[in-house]
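This report describes one protein structure for a reader who has not seen it before. Please look over the sequence and the structure shown here.

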Amino acid sequence: MSDFASDVEKGTSHSVSVSEILAVRELDVDGGTKDGRWQKMPQKLTEAYPYAFTVSYVERARQHRWRCSDVTFHCSEGALCQQWIQTIREQLTALTNRPKHLLVYINPYGGKQQGKCIYEQKVAPLFACASISTDVIVTENANHARDHLKTEAELKKYDGVVCVGGDGMFSEIVHGLVSRTQRDNGVDQNSLEEKLVPCTLRIGIIPAGSTDCICYATVGINDPVTSALHVIVGDSQPMDVCSVHHNNTFLRYSVSLLGYGFYGDVLADSERKRWMGPARYDFSGFKTFLTHHHYEGAVSFLPATDTLGTPRDKTRCRAGCFICQHDGQLYSGDSPEESKTAPDVSDREYEMGWGVVRGKFLAINAASMSCACPRSPKGLSPAAHLADGTTDLILVRKCSRFNFLRHLLRHTSKDDQFDMTFVEVHRVRRFRFTPRHCQNDSELDLRENGKQLFSQICRDHPACSCSPAYSSWNCDGEILPHAAIEVGVHCQLIKLFARGIEEQPLFEDLANPPCAL
């Protein structure tokens, strides 16, 4: 090894998987790299080893953060240096899961309006280092990315789609990509009985919004550099998608939360207070908690009886999740449960394997993932899985304001948030909700009927505290126009440039981080 040296501290041993090497580049004798970067090297080292190359690789830090680190190797012979460079590049070329050409959408208005700056300063240099070419589109209005993906984008040119923004931007990408895939394959999205075709292109999320729950739940941190590195190494994380229908008409897709009652009211109120900025969520949440409205109706659901996990077990969805692998494979075929249609709520309970729950509810939530975020590290359903073909249906019945506060506070504590008499949770494949006041009115439209009914109540009882008849559905941060909906889960319909949250104990000891060949 006398002809080979590195700038790594002497006496330490380092290793890194080839799959986590980002790039290799040659250095000139004077310390500059072939790609124009400059690096100062000791004069004695350059005299003894005049040839050098630098390897960029993934280094793990605390709290699931990834960063790009470099190690430089010096050689006494030019042929040996070239041989190492060529060998490493051949190994990287053999990694077929890595993207080479990406379509990037940047939302310049989301969050703190830093999307363009974040991409140009933190992400673009990493893509360039990894020799990834990009076509960048800065969106000009709402649904720009969705409509472009549905109609104009030449998807065959790309290995993936990257969105720079928040959860709203990600939702646009999902709707555009899924809708385009179904159209190209002749699938009718208006039919809940149709089996949707999975998307072939992976989606990358560069967090730059006011809420980045999807990124947090799939990577473990909202950090643009970490997310960009997951894209570069070509990670792949399958993910379930829920389709929401009303009267055999497709409304929206959901990947995280569907919330009726409390979370729907919070969103509806916050939309009227956009002038307050991000503070509107806290204000609307407090206001909605004080109003303490409940809503009456019936929830029918098809339980996922053949899955390994349950909503109340302690198994969290992590990288390489066995439950997602097992249940995803189990449900990827034609399950007999798929053909079971939802019974009318007038039918007897539990007909055809469906369960029916009637009552007055403060909240009806369907969590397709944990819905964890920095302010609620556990999320709404800590044991929910990303790719097992189910969603966790959480029913919070009418209770005292104090008990409801106890339930909300448990989202931030270690206590079981479902261990309350007024809370029940079911892992389901499909569900349907019918408000009490429209069980015989399949054409309910909240924009018309609900508004008329509520205004009539206000006119007749201006000083009373009557609850409104209907709430709104919060679908991943968007308000649905109908209260009566039917929801189906489509197993592993999309894939992200992610690998799930890695078990942190594996990387707690950073005294000797992996950083070389």
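## Overall picture

The model is a predicted one. The protein has twelve helices and 18 strands. Of its 517 residues, 55% count as buried. The accessible surface comes to about 23,900 Å², and carbon and sulfur atoms account for 50% of that surface.

Contacts can also be sorted by separation along the chain. Taking contacts between residues at least 6 apart in sequence, 79% join residues at least 24 apart.

Strand β8 covers residues 202-207, and six of its six residues are buried, so the strand counts as mostly covered. From β8, Arg 202, Gly 204 and Ile 206 point one way, while Ile 203, Ile 205 and Pro 207 point the other way. The residues on both sides are buried.

The partner of β8 is strand β7, residues 160-165, and the two pair in the parallel sense over six bridges. Within this pairing, Val 164 stands opposite Ile 206 of β8.

## Strands β13, β14 and β15

Strand β14 spans residues 391-397. Six of its seven residues are buried, so the strand is largely enclosed by the rest of the structure. Six bridges join β14 to strand β13 (residues 355-367), and the two run antiparallel. Strand β15 (residues 423-435) is also joined to β14 by six bridges, again in the antiparallel sense.

Ile 364 stands opposite Leu 395, and in β15 the bridge partner of Leu 395 is Glu 424.

## Helix α8

Helix α8 runs over residues 262-271. Nine of its ten residues are buried, so this helix is largely enclosed by the rest of the structure. The buried residues in α8 are Phe 262, Tyr 263, Gly 264, Asp 265, Val 266, Leu 267, Ala 268, Asp 269 and Ser 270.

## Helices α9 and α11

Two packed helices are described by the angle between their axes and the distance between the axes. For helix α9 (residues 279-291) and helix α11 (residues 401-409), the angle is about 145° and the axes are 10 Å apart. On the α9 side, the residues in contact are Phe 289, Leu 290 and Thr 291; on the α11 side, they are Arg 401, Phe 404, Leu 405 and Leu 408. Of the residues in this contact, five are nonpolar, one is polar and one is charged.

## Aromatic pairs

The whole structure holds twelve aromatic pairs. One of them is formed by Tyr 260 and Phe 433, with 4.7 Å from centre to centre and 50° between the planes, and this pair is tilted. Tyr 260 lies in strand β11 (residues 257-261) and Phe 433 in strand β15, so that the pair links distant parts of the chain, 173 residues apart. Tyr 260 and Phe 433 are both buried.

Phe 289 and Phe 404 are both buried.

Some aromatic residues form a cluster. Tyr 260, Tyr 295, Phe 431, Phe 433 and Trp 473 make up one such group.

## Ala 153

Ala 153 sits in the loop between α4 (144-151) and β7. Its relative accessible area is 3%, so Ala 153 is buried. Beyond its neighbours within four places in sequence, Ala 153 is in contact with Leu 103, Tyr 105, His 148 and Arg 180. Leu 177 is 24 residues away from Ala 153 in sequence, and the C-alpha to C-alpha separation of the two is 9.8 Å.

## Residues with positive phi

His 64, in the loop between β3 (51-60) and β4 (66-75), has a phi near 65°, a positive value in a residue other than glycine.

Gln 492 is not a glycine either, and its phi is positive at about 55°. Gln 492 belongs to strand β18 (residues 485-496). With a relative accessible area of 25%, Gln 492 is partly exposed.

Technical notes:
Residues are numbered from 1 along each chain as its sequence is written. This is a predicted model: local features need pLDDT of at least 70, side-chain atom pairs count only at pLDDT 80 or more; totals for chains, interfaces and linings use all residues. Side-chain values use heavy atoms; hydrogens and water are left out. Axes are lines fitted to C-alpha atoms, for helices over the stretch in contact, and angles run from 0 to 180 degrees between N-to-C directions. Helices (H or I, at least four residues) and strands (E, at least two) are DSSP runs, numbered from the N terminus. Contact means heavy atoms within 4.5 Å. Ala, Val, Leu, Ile, Met, Phe, Trp, Tyr, Cys and Pro count as nonpolar, Asp, Glu, Lys and Arg as charged, and the others, Gly among them, as polar. Buried means under 20% relative accessible area, exposed over 50%, partly exposed in between (1.4 Å probe, protein chains only). Two strands pair if DSSP finds at least two bridges between them. Rings of Phe, Tyr and Trp (its six-membered ring) pair if their centres lie within 6.5 Å; planes under 30 degrees apart count as stacked, over 60 as edge-to-face and the rest as tilted. Accessible areas come from the Shrake-Rupley method with a 1.4 Å probe; for residues, only the protein chains shown count as cover.
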